[in-house]
Amino acid sequence: MLTTTPVTPTYLPEWFAARQQAAWQRFLTLSTPKRGDETWRFSSIKQLDFSAFRRNPINGVNDLIARSVGLEAPAAKLVFVNDELVHVESNLPAAVICLPLSEALVSHSDLVQAHFMKQETRLGSAKFAALHEASLSNGVFVYVPDKLEVAGTIEVHHWISGENSVIFPHTLIVTGTSAKVRVVDIFRSADDVLPGLAIAFNDLSAGQNSKLDYVAIQDFNEMTRVIQINETSVFRDASAIGFILNTGGSWVRNESLSRLEGPGSRSDMLSVAIPAHDQEYDQRTFQHHVSEGAYSDLLYKNSLYDDARTIFSGLIFVDENAHHTDAYQTCRNLLMSDTCEANSMPGLEINADQVKCSHGSTSSQISDEEIFYLRARGIDPINSRQLIARGFSVDVVERLKCDEVEALVLEFIDDKFRRIAT
Amino acid sequence: MSLHIQDLHATLEDGTEILKGVNLVIPKGEIHAIMGPNGSGKSTLSKVIAGHEGYVVTSGSVKQDGQEILEKSVDERSRDGIFLAFQYPSEVPGVSNANFIRAALQARLPKGQDIDAVAYYKELYSKMDLLEMDRKFTARAVNEGFSGGEKKRNEILQMMMLQPEYCILDETDSGLDIDALKIVAKGVNAMRSPERGMLLITHYQRLLDYIKPDYVHVMSEGRIVRSGGAELAHELERDGYEFLKEPALA
């Protein structure tokens, strides 16, 4: 995968082919992260050897479509296996564009070009963002025109199938002025034990006064490595939620960047992670206040079991003219074993006046008294601890303010707790 | 049928002895009260019966209807019918009251069997009505942001839902104003039954005006030093614990 130049299909627009070629050159030129790089501090660099991974053909499609169960009645549903679209259904209004990216690149080339990967990847994975850009073959493009509010939720399933398969899922969501949409990406493995690699990118652009909610549920098998880059731009008076649930993967690197581009804009950056066994979740975040009078609020909660590791590194960055900024950043770790490890590096850089900012991170264990209380009601020790750990995560999930999506996220959380219990 | 505590000795993990030979029998159908000054071991007794792992039982026994319970874990004792209403109930953020009580009931069912949700809520609401608890408490996280009185009412609600055989109420009256105390007492009195024994631990006779005990015991320095009828509580209220400073009566 890393030695062969990817070829852009001839039916795709020229600009896209040019970008893919340039990205490939960038991928080849940029150096591989190494120990000592600030943006990779505490990371397991050895995980970045991707030489074993390759594109694989798809099989078992019908079974995977049947297993692509999420919301009861999604507004639209797309299923991808190894980046190939295998199923689509939609009840969306005709004015909403919700297409596989390969199709949108042809039918809405200018629109895609105007929004596709506009931001600079600055949290450490520029090389892998370049690899993603050079290699991606498909994904989802959602565009909601001005004043249109999509009722319900668009649901997208991404499956990895086959041994040592690599996928490059891309989700590009754009809302027009006063539009509204909610999209859920669900990432899973067809098989429980076969290794895989996903280098995923979500590109979110919330136009003026719009509301864009994005939820990523990462539940790959525990043999899969993941790099997921989230880049969000929020314009005047718009509001964006980016929520990430991490339950799967062996090694996961999340880079989340929110750019507050207009006054009155708001970004909620939310994450729940439940690593167990020897899973490692590496979270890097950037709240970039470009405009004055914007609001950002980050809340990350990690419950760590067994020998799990997490790394949280967050920065609030307030530009020179971004006066009257409100920015908050909280990372809380619940240590469920004596051998887990949570690293936190919260950060703040303020270059403007009259700014309200706070950042903090805490790590704690469940106290014996709490456990005693639950056990004194007859609940066994394992369930007592899990009830507390679940409760620890729930307030982040509730920030989604959408019952059906909250219920879906909680199903994945409960499923993870069941796996931990056995 | 009784909860039979015999020559019970218990220490803290550092070896400090708190219970120094407690003897007490609480038959089903009776309410017993333990009074005594601070530091006499009342709360420790309640926690040792419930199975708190921070204490080491060095000798003695606690038998529930003839069966030793000291070997059992905390949660096992609870499932088998021992209930402790906490003096300081823990907060459990993110776990709603309704889900918490449901989890406790679920823990009592055989594997594979589930609570009937409709019947459960009906039962829960009827108990909450009796305790004059607003319905919104079902959705609120367990004890989080509850006032002292609300926490104590919540303990009684759990007790009413779990229907234990033996209830130990540790200073349930502390921090309650008179109205809250009456409501809590109403709940406890509703639980009075020939099938159930109760032990009230309290500092003040006031609680016993509303929940009339069959027997009152005085605890001091890790032992029961005096026992009597309900009138003993009034005597203690009037005269205090001065008599404890005199040579032991027994």
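Two residues are in contact if their C-beta atoms, placed from the backbone, lie within 7 Å. Keep that cut-off in hand for the whole tour.

This is a predicted model, in which local features need pLDDT of at least 70, side-chain atom pairs count only at pLDDT 80 or more, and totals for chains, interfaces and linings use all residues. Residues are numbered from 1 along each chain as its sequence is written, while chains are lettered from A and ligands numbered from 1 in the order in which they are written.

**Stop 1: chain B as a whole**

Select chain B. Among its contacts between residues at least 6 apart in sequence, 72% join residues at least 24 apart. Colour by secondary structure: chain B has eight helices and twelve strands. Helices (H or I, at least four residues) and strands (E, at least two) are DSSP runs, numbered from the N terminus.

Check the dimensions. Along the principal axes, the C-alpha atoms of chain B fill a box of roughly 60 × 40 × 35 Å. The radius of gyration of chain B is 18 Å, which agrees with the value near 18 Å for a compact globule of 250 residues. That radius is taken over C-alpha atoms, and the globule rule is 2.2 Å times the number of residues to the power 0.38.

Now colour by burial. A residue is buried if 20 or more other C-beta atoms lie within 10 Å of its own, exposed if 12 or fewer, and partly exposed in between, with C-beta atoms placed from the backbone. In chain B, 42% of the 250 residues count as buried.

**Stop 2: the open sheet of chain B**

Select β6, β9, β10, β3, β11 and β12 of chain B. In that order they form an open sheet of six strands with mixed pairing. Two strands pair if DSSP finds at least two bridges between them. The edges are β6 (82-85) and β12 of chain B; each has a single partner strand, so one side of each is left without a neighbour in the sheet. From one strand to the next, the twist averages 20°. For such angles, axes are lines fitted to C-alpha atoms, for helices over the stretch in contact, and angles run from 0 to 180 degrees between N-to-C directions.

Zoom in on β3(B) and β10(B), residues 197-201. They pair in the parallel sense over four bridges. Pick B:Ala33: opposite it in β10(B) stands B:Leu200.

**Stop 3: helix α8 of chain B**

Select residues 231-239 of chain B. Which residues of helix α8 are buried? They are B:Leu232, B:Ala233 and B:Leu236. These three cover an arc of only 105° around the axis, which puts them on the same side of α8(B). The arc is that of the directions from the helix axis to the C-beta atoms. An α-helix has 3.6 residues a turn, so residues three or four places apart point the same way.

Turn to the other side of α8(B): B:Glu231, B:Arg238 and B:Asp239 are exposed there. The cover over the buried residues includes β3 (31-35), α7 (206-210), β11 (215-220) and β12 (223-228) of chain B. Step past the end of the helix. B:Gly240 follows α8(B), and its phi is positive, near 70°.

**Stop 4: B:Glu17**

Select B:Glu17, in strand β2 (residues 17-27) of chain B. B:Glu17 is partly exposed, with 15 other C-beta atoms within 10 Å. Leaving aside neighbours within four places in sequence, B:Glu17 is in contact with B:His9, B:Thr11 and B:Gly222. Draw a distance to B:Val57, 40 residues apart along the chain: the C-alpha atoms are separated by 9.6 Å.

**Stop 5: across to chain A**

Show both chains. At the interface, 21 residues of chain B are in contact with 20 residues of chain A. On the chain B side, α2 (74-79), β7 (92-96) and α3 (97-106) each supply at least two residues.

**Stop 6: chain A**

Select chain A. It has eight helices and 20 strands. Its radius of gyration is 21 Å, close to the 22 Å that the globule rule gives for 422 residues. Of those 422 residues, 53% count as buried.

Finish on strand β10(A), residues 211-219. Seven of its nine residues are buried, so β10(A) is largely enclosed by the rest of the structure. Strand β8 (residues 180-189) of chain A runs parallel to β10(A), joined by nine bridges. Here A:Lys180 has A:Lys211 as its bridge partner. Strand β12 (residues 239-246) of chain A also pairs with β10(A) in the parallel sense, over eight bridges. There, A:Asp213 has A:Ile241 as its bridge partner.
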